[in-house]
Structure formats: C-alpha cells, structure tokens
Amino acid sequence: MKISVEKYHGLGNDYLVYDPQKNPVKLNEERIKHICDRNFGCGSDGILFGPLMEDGKVRVKIYNPDGSEAEKSGNGVRIFSKYLKDCGYVKDEAFTLSTLGGDVNVRYLTPDGKLLKVGMGKVTFRSSQIPVIGIEREVVDEIMTFGNRHYRVTCLSIGNPHCVIPMEHISREKAIALGQVVETSLNFPNRINMQLLKVIDRHNIRIEIYERGAGYTLASGSSSCAAASAARRLGLVENRITVHMPGGKLEIEIDPDGMVHMTGTVCHVGTFSFADEFIDEILQ
C-alpha cells in the first residue's frame, strides 16, 4: 500500500494535501492527529482533503491537527488552489472552490499559481451567526471577561468564527496564554479563533494568532481577513490593509459591499511518501 501527501505552506502556516484519488486509506480523527503530529508524524497545521466534486464544484475538506473539521482557512484555500493547478485539476485562470464555510472565488495572479487572490466572502458581526451567546446583536467593541480580566473585543464570522482583541502591545506569549482561554470560553459555543490586533497606521496592522483546534500559528488567511474587517468596522483603518504576521504578510481589500479579498503567496515544500511502518501505525 502506498500513501503520499503534498506539503505546502502559506507564510509558515503549513498544510498537507491528502488526495483521495491517490490514497486508499480513509481519514478519521485519530489518523489525522497522528499524521499532523510534529514528533510522531509528518507535522502540519492541518490536512486539506480533496479534491471532491459536489454540484459541479470543486470542494475541499479542511481538518485541524486535533482532527476537527474547520469551516474555512484562507491559507488552506490558497494552498489547495495551488495544488489543483500543480496537478492539472484546474486549468482556468479563475475558479470557485467550495468549503464547509461557503464558496470562495480564486484567481491565479502568476502562471505558476504561487500568487493568488481569493474572494473570501462577506463578514457578519451578528452574534447568532458567529455564534456568541446572549441576546441577538452585533458584537462590536464589546467588553468580555477572560481569565478575570476585561477586554474590548469584536467578534465576527467570515465562514468561520473569530474574536479580535485590539491591544497596544502584542506578542506570541500573550497570544498563547490568552488564546487558550478565549478559544474555549463559554461565550463561544462552537469555540473560536482569536487574533490580538495592533494598528500600525491606516493601512497596516499586526496580528498574533491562536487558531481553534490548532493553537498558535505563524500566519492565517481567514484571521487576516477577520482582523482587517474588525479594524475597518472600528474605523481604525482604510479599506486596503497590509496584515503583518510572524510568518509574513497578506494584502486585504474590503469592498463597499463587505466582500473581503485576500492576496498572498504559497510555497510547495515537497512530496512525502509514508513508510510501511508508519502506515501500519495509523491503521492500528
């Protein structure tokens, strides 16, 4: 039996593409955990499972390293789109990719597909659609308590849930410490992604990210879209924003109708073939 995956990264946010057309083993929660483990497996921030065909559209399933399924991932979308081009599944300059969190419109900006622009959809700040507990409302600049401290937060969904917390000083250490509390807070019945936000100027922001089901990450496309949208809603930035992260930067553009576009690069790392003894381990 042979199993292989393609490894890509988007600004240090790394994913494995698991193509069911090429691999006979079905994935489950335990196998995903084992494969993504950085000590006992290949190591990654998640698995992109596809391509799958549904209603005439190409679909991808996005799995977190804890085995849970994510609705949407900006880096994951760009990575999977690059894979589709690399393998000849998509030959057009633009196409629509279906995710659990909704369809996204992808456009290749270079012939090799390394630079892509993705229409990620529209954000909503409505509590029931994120979701956030309590009365129906827009969760904008609201005070919430995490770990006995009060924070001003803006929550939203762009197909997946986000809690954006503006701060004067942000760091990896703060993101890890606070993210563990925010992700599992009772305010968020489906858990949530968290971004610590620092506004640099009207066109630049910096974020630190703690992702639901993955933990601290160097970069995130959906988190960039969420943080930029929150900053825009709070009147802190213009509609074209560069989002700076430890892994690199993404360009975000917010249309007047609320559509959010993300532009960034992807890198193909290589092909990884599983050894027989590792296959035996994941099949146990």
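How many cavities of 30 Å³ or more does the structure hold? There is 1 such cavity, a cavity being a set of points on a 1 Å grid over the protein atoms alone where a 1.4 Å probe fits but cannot get out. Before selecting anything, note that this is a predicted model, in which local features need pLDDT of at least 70 and side-chain atom pairs count only at pLDDT 80 or more, while totals for chains, interfaces and linings use all residues. Residues are numbered from 1 along each chain as its sequence is written, and side-chain values use heavy atoms, with hydrogens and water left out.

**The cavity**

Select Y15, D45, N64, A70, K72, S73, N160, N193, E211, R212, A214 and S222, which line the largest cavity; lining residues have an atom within 4 Å of a point. The space in this cavity comes to about 110 Å³, the volume being that filled by probe spheres set on the grid points, which are joined across faces, edges and corners. Colouring the lining by residue class gives 3 nonpolar, 5 polar and 4 charged residues, where Ala, Val, Leu, Ile, Met, Phe, Trp, Tyr, Cys and Pro count as nonpolar, Asp, Glu, Lys and Arg as charged, and the others, Gly among them, as polar.

**Salt bridges**

Next, show the charged side chains: the whole structure has 22 salt bridges, each a side-chain nitrogen of Lys or Arg within 4 Å of a carboxyl oxygen of Asp or Glu.

Go to D103 and K57, whose closest N and O atoms are 2.3 Å apart in a salt bridge. D103 lies in strand β7 (residues 102–108) and K57 in strand β4 (residues 57–63), so this pair ties together parts that are 46 residues apart in sequence; strands (E, at least two residues) and helices (H or I, at least four) are DSSP runs, numbered from the N terminus. D103 is partly exposed at 34% relative accessibility, and K57 is likewise partly exposed at 33%, on a scale where buried means under 20% relative accessible area, exposed over 50% and partly exposed in between (1.4 Å probe, protein chains only).

Move on to R191 and D66, which form a salt bridge at 3.6 Å, N to O. R191 sits in the loop between α3 (172–183) and β12 (193–201) and D66 in the loop between β4 and β5 (69–70), so the pair ties together parts that are 125 residues apart in sequence. R191 is partly exposed at 27%, as is D66 at 26%.

**Two helices**

Which residues of helix α1 (residues 29–36) are buried? Select R31, I32, I35 and C36, which are buried in α1. They lie on the same side of α1, because they cover an arc of only 125° around the axis, the arc being that of the directions from the helix axis to the C-beta atoms. Among the elements covering these buried residues are β2 (13–18), β3 (47–54), β4 and α5 (276–283), contact meaning heavy atoms within 4.5 Å.

Finish at α5, where F278, I279 and I282 are the buried residues. Their arc around the axis is only 100°, which puts them on the same side of α5. On the other side of α5, select D276 and E277, which are exposed.

Methods:
1 Å grid on protein atoms, 1.4 Å probe; cavity = no way out; pocket = protein on both sides within 12 Å on 5 of 7 lines; lining within 4 Å.
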